[in-house]
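Here is a short tour of one protein chain, written to be read with the model open beside it.

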Amino acid sequence: MKKEKKLARLIDFFQLAKNSHAKTIDLEGTKFPEDVDLIVWALGKQIPKNPIDIQDDFGDFILCCPSCKRPIVNVWSRAEYKPIYCHCCGQKLDWKGGKVK
């Protein structure tokens, strides 16, 4: 199973556990805290998302992070700059998708 699918399944598990209002979650003998928002948030950042184009006030399109919507900035060349993670929020970026959405 791919890492992204495992992460997605873990997110689903923690969200289900949170919605059950359990005080603790027993996963193979390990106890987890009731508040799993941080765990879900952190795991969600590891699932790669395609960068998006957002139009600025001048009508130009800027390549941005899909989570925080902040620009992915490179002063030299937009086409050649492909960071693995967003420098602002830490979202993992997927550059394999071809077209930018």
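**Overall picture**

This is a predicted model, in which local features need pLDDT of at least 70 and side-chain atom pairs count only at pLDDT 80 or more, while totals for chains, interfaces and linings use all residues. Residues are numbered from 1 along each chain as its sequence is written, and side-chain values use heavy atoms, with hydrogens and water left out.

The protein chain holds 2 helices and 4 strands, arranged along the sequence as α-β-β-α-β-β. Helices (H or I, at least four residues) and strands (E, at least two) are DSSP runs, numbered from the N terminus.

Confidence is given as pLDDT, the predictor's value for each residue from 0 to 100. The mean pLDDT of the protein chain is 77, and 70% of its residues reach 70 or more. Where pLDDT is low, the predicted coordinates should not be read in detail.

Of the 101 residues in the protein chain, 22% are buried; buried means under 20% relative accessible area, exposed over 50%, and partly exposed in between (1.4 Å probe, protein chains only). The accessible surface comes to about 7600 Å², with 57% belonging to carbon and sulfur atoms; these areas come from the Shrake-Rupley method with a 1.4 Å probe, and for residues only the protein chains shown count as cover.

**The core**

Which residues make up the largest nonpolar core? There are 5 residues in all: L7, I11, F14, V40 and L43. The elements giving two or more residues to this core are α1 (3–19) and α2 (37–45), and α1 provides the largest share, 3 residues. A nonpolar core here is a set of buried Ala, Val, Leu, Ile, Met, Phe, Trp, Tyr and Cys residues joined through side-chain atoms within 4.5 Å.

**A buried glutamine**

Q91 sits in the segment after β4 (61–64) and is buried, at 1% relative accessible area. Its side chain reaches the backbone oxygen of I47 at 2.7 Å, and a polar atom of that side chain lies 3.4 Å from the backbone oxygen of K45. Leaving aside neighbours within four places in sequence, Q91 is in contact (heavy atoms within 4.5 Å) with residues including G44, P48, C65, I84 and Y85.

**Cysteines and other residues**

How many disulfides does the structure hold? The number is 0, where a disulfide is a pair of cysteine sulfur atoms within 2.5 Å. The sulfur of C68 has its closest cysteine sulfur in C86, at 3.7 Å, which is too far for a bond. C88 is in no disulfide either, and its nearest cysteine sulfur, that of C86, is 4.6 Å away.

K69 lies in the segment after β4 and has a phi near 65°, a positive value in a residue other than glycine. Most residues other than glycine have a negative phi. P51 is found in the loop between α2 and β3. The C-alpha atoms of P51 and P71 are separated by 9.4 Å, with the two prolines 20 residues apart along the chain.

The table gives the accessibility of some of these residues.

| Residue | Relative accessible area | Class |
|---|---|---|
| P51 | 2% | buried |
| C68 | 24% | partly exposed |
| K69 | 44% | partly exposed |
| C88 | 45% | partly exposed |

Notes. Polar contact = N/O pair within 3.5 Å; in protein donor to acceptor, adjacent residues only side chain to side chain.
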